[in-house]
Amino acid sequence: MEKSEHTLDALDHKIIAALRSDGRIPFKQLAESLGANEATLRARVRRLEDSNSVRVVAVTDYEAAGYSMMLAVGVQVDGRRVADVAADLAAVPEVFSVCEVVGGLDIETLVVARDQESFNTLLTETLAQVPGVRKLLPSHAIDVLKNQPDWVPF
């Protein structure tokens, strides 16, 4: 659905903040906490969803899912379209972000691995074997200072 041109007001921002805190909050409890009518809140949330201003989703904690390593892996491509290589990389389950970029690399990915052995296998037997991958430049995250999947510019 296409995003509509409506402006978010103070109540919309309060609704978004509450849903960011608890995306499964019952409408009745949301209405009580915001001092608004439940029917009004239902309509507002529906409008926010329909306009693609908000989407309530579950976010997986990669460590809770059994992965101990998160890595950025830059990719240089040769002999194949970057978009095709990116699509193949995106199909790998441990790859959770793929971006075509400009600069010294063609693709930037974010990947997870359960341990060093699975990381080695992921790099050498999976990612490096994708046709068109010329070079991999992995960077291991030694400390995650910010991973904010609920980031919005307001």
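Predicted model: local features only at pLDDT ≥ 70, side-chain atom pairs only at ≥ 80, totals over all residues.
At the start of helix H3, a side-chain oxygen of Asn-37 comes to within 2.7 Å of the backbone nitrogen of Ala-39.

**Helix H3**
- The end C-alpha atoms of H3 are 18 Å apart, which agrees with the 18 Å that its 13 residues should span at 1.5 Å a residue.
- Leu-41, Arg-44, Val-45 and Leu-48 are the residues to look at here, as they are buried in H3.
- These residues lie on the same side of H3, because they cover an arc of only 95° around the axis.
- In general, an α-helix has 3.6 residues a turn, so residues three or four places apart point the same way.
- The cover over the buried residues of H3 includes H1 and helix H2 (27-34).

**After the helix: Asn-52**
- H3 is followed by Asn-52, which sits in the loop between helix H3 (38-50) and strand E1 (69-77).
- Asn-52 is not a glycine, yet its phi is positive, at about 60°.
- For background, most residues other than glycine have a negative phi.
- Is Asn-52 buried or partly exposed? Asn-52 counts as partly exposed because its relative accessibility is 32%.

**Confidence**
- Across the protein chain the mean pLDDT is 87, and 88% of the residues reach 70 or more.
- Confidence is lowest in helix H1 (residues 10-21), with a mean of 89, and highest in helix H4 (residues 82-90), at 98.

Technical notes: Residues numbered from 1 in each chain as written. Heavy atoms only, no water. Helix = DSSP H or I, 4+ residues; strand = E, 2+ residues; numbered from the N terminus. Buried < 20%, exposed > 50% of the residue type's maximum accessible area, 1.4 Å probe, protein only. pLDDT = per-residue confidence, 0-100. Expected span 1.5 Å × (residues − 1). Arc of directions from axis to C-beta. Contact = heavy atoms within 4.5 Å. Polar contact = N/O pair within 3.5 Å; in protein donor to acceptor, adjacent residues only side chain to side chain.
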